[in-house]
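Please find my notes on the structure below. They are set out as numbered points.

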Amino acid sequence: MMKRIVLCLLAALVVFAGTSCGKKETELHVYNWADYVNPEVITQFEKANNCRVIMDFFDSNEALYAKVKAGAVGYDLYICSSYMINVMYQQNMLKSLDHGKIDNLGNVDKQYLKLALDKDMQYSVPYMMSFAGIAYNKDKVKNFKASWSMFGREDLKGRMTLLNDVRETVGAALKFNGFSYNTLSEAELAKARDTVIKWKKNIAKFEVDEAKRGLDAGEFFLIHTYNGDALQLMDQNKKLAFAVPEEGTSLSCDDMVIPETAQNIKLAYAFINFMLDPAVSAKNMEYINYLAPNTAAQKLMPEEFLKNPAVNLPASIVKKSDVLKDLGAENVKYSKVWDEIKMAQ
Amino acid sequence: MNRSRTPFYIVMGIIVFLYVPLLIVIINSFNMSRFGGEWGGFTLKWYGKLFNDRDVWHALSNSLIVALSTTFTSMVLGTVAAIALYRFRTFLQSVNNVFIYMPLVVPDILIGISLLLFFVALKVHLGLFTIYLAHVTFCISYVAMVVMGRLQDFNYSVMEAAMDLGASWFTAVRRIMIPILAPGIFAGGLLAFTLSIDDFVITFFVTGPGAATLPLYIYSMMKHGSPMVINALTGIFLTFTFIIIIISKKLLEEK
C-alpha cells in the first residue's frame, strides 16, 4: 500500500513536471483580461504564424503588478492599464520597443498619442480605451447639456451622484475649471475643491456601483460613470443616454507591452503588429464594444458604432481630455483635497 | 394548540434566498439580451459561445486536473497526519498539530504571496504543479480535521484485538482502521475537492503561464467579458452537480 502511494505520488510529480516544463518555441503567452480579444482573431494569428497563443488572466492591475513584481515569469506580453504600465516602466520591468519590427504602428491614433503617458510608444502600444462621462435619464432631465456644469443644477438636487473616486471627481472639477486631471498646482486643486463642495450640495452621494442601479430604477436622474457601464445600462433601459462633457474627460487605456522577462520576443512583436492591423482591430472593437485608438480601424467601423456616444469619443473632446497618471508621492495633494471635500458641510 | 408557522417562513426564506438566485441565473442564460436586464427572447447563443470558447475549456481542464490530484494527495497525507496526531502525544506531534491548524487561520493572501516568493526563490517553474503543491498545503489541514473528528469515536481496542489475533500493525490499519475511517476520509476528500476547484486568491499567485484555472478566468471576465457566458457556465455546472447528487443518492439507497 505504502509503496503504491509513493509510486502514485511520483507519477503525479513526473506528469506535472512534464506539463509545466514543456515550453515550446512556438508558444506565445499573453497575460490579459479574460474575454478581451476576439477569439477569431487569435485563431487567425495562430494560423498565420504557425504557433499557439496561450492566455492567462488577472482580475485587477494591482494583482498583476504584485504578481510579476514578486518574480513571476514566463509571460511574453501583458495587456493592462496605462497607469500601471507607467509604474512598471519606471521600475525597468519592460522592454523598449523596436519600432522597426512593428509595421502597423502608423495606424495608432496620433491625436490620442499626444495625451498618452507613453507619447512615443517607447515601451507600450495602446489596445483599447475607455472614458468617464455622464449617464442620465432622458425623461427626467430637461435641457441636458453635455457639461460637468450639470452637477451645479439645483433642479436636480438629490437626484445626482458623482464617482466616489478622488481622481475622477476632483479631476472632473479640475476640467470644469479648465485645468488638467493630473495637475500638481495647489491653487488649481483649491479651486477644484471649491467646485466639488458646491456640487456636493446638489448630489445625493459619492457612489460607484449603487448609482448604476439607482439610475436604472429611477432613483437617480444623472450619474457620473464610465462608458462601458453606461453601455450596459443603456442596453437594459431605453430611457437612458450617455454624454461626454464638452470640457473634456478622463481617458484610460489598456496597452500592450513586452516584459523584460519575455522569452518569445519575436512572436510578441508579431502579435502587437497583428493587433494593430485595421481589420483585426475592427474585429476586436466589434467583439468587446470598446474603442481602439486606431485611426485606420475606426474607418472600418459601422456608423452606428461610431455614433454611439458611449463607445466613440469625438476627436474634439479627445483633444481636451487627459489620461490619468499615477502620481506616486504627489497623490497626497489629492487625498488632502478629498478629505476637505468629505468634511465640508 | 396552534403550531407556530415561524419555522415554515424560515424554511421558505432559505429556499428563496438559496435557490431563486440560481434559478434566475439559469433562466438568464437563455436570455437574448446581452446584459440580462430584460427578457429579450429565448436563445442558446451563450451556450454556443461557451462551447466555442477554448479558453474556458482549457481553464476547466486545468481546474479538474489540479482538484483531482489535490484531492487524492491530501486524502492520503491528511489521513496519515490525523492518525499520527491521534496515536502519538509527543512534543513533535504538538508541533505537527500547530502546523496542521496553521493554514486554516493564516489569510489566503499571505499563503499565496509567500508561496510565490518561495517558488521564485527556488526557481521552480510556475504552473499546474505549483498550484497543486499550494492546494495540497491547505487541503491537508481540512482532511486531517475531518478524519480527526472521525477518530474521536474510534475504539482503539478493535486494533488491539486484531493484533492479538496475529495481524501485523500494518494489516490492522489496512483492514480495520481505514474502512472504519473511510466515510471521514471521503468527506475530507470532497471538502478538499470543493476548496481546490474554487480557490482564487492562492491560485492567482502561484499559477504560471498556460495554467489558468476556471475561477481565475471567471473573475477576470467580470471586467470586460459577457456575464451571459458566465450564466451559461453556471447553468451547466449546476446541472452536473444535481446529476451527481441524484446518482450518489440512488447508489446509497440501493445499498
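This is a predicted model: local features need pLDDT of at least 70, side-chain atom pairs count only at pLDDT 80 or more; totals for chains, interfaces and linings use all residues.

1. Domain division. Chain B splits into domain 1, residues 6-45, and domain 2, residues 55-215. Taken over C-alpha atoms, the centres of domain 1 of chain B and domain 2 of chain B are 36 Å apart.

2. Helix pair, geometry. Two packed helices are described by the angle between their axes and the distance between the axes. For helix 3 (residues 54-87) of chain B and helix 4 (residues 91-105) of chain B, the angle is about 140° and the axes are 10 Å apart. Angles over 145 degrees would count as roughly antiparallel; at about 140°, the two helices are therefore oblique to each other. The crossing of helix 3 of chain B and helix 4 of chain B is left-handed.

3. Helix pair, residues. Helix 3 of chain B contributes B:A81, B:A84 and B:L85 to the contact, and helix 4 of chain B contributes B:Q93, B:N96, B:N97 and B:I100. By class, the residues of this contact are 4 nonpolar and 3 polar, with no charged residue.

4. B:T194 belongs to helix 8 (residues 169-197) of chain B. Along the chain, B:T194 and B:T71 are 123 residues apart, while their C-alpha atoms are separated by 9.1 Å.

Terms used. Residues are numbered from 1 along each chain as its sequence is written. Chains are lettered from A and ligands numbered from 1 in the order in which they are written. Axes are lines fitted to C-alpha atoms, for helices over the stretch in contact, and angles run from 0 to 180 degrees between N-to-C directions. Helices (H or I, at least four residues) and strands (E, at least two) are DSSP runs, numbered from the N terminus. Angles under 35 degrees count as roughly parallel, over 145 as roughly antiparallel, 65 to 115 as roughly perpendicular and the rest as oblique. A crossing is left-handed if the near helix is turned anticlockwise from the far one by less than a right angle, and right-handed if clockwise. Two residues are in contact if their C-beta atoms, placed from the backbone, lie within 7 Å. Ala, Val, Leu, Ile, Met, Phe, Trp, Tyr, Cys and Pro count as nonpolar, Asp, Glu, Lys and Arg as charged, and the others, Gly among them, as polar. Domain bounds come from an automatic or database domain assignment.
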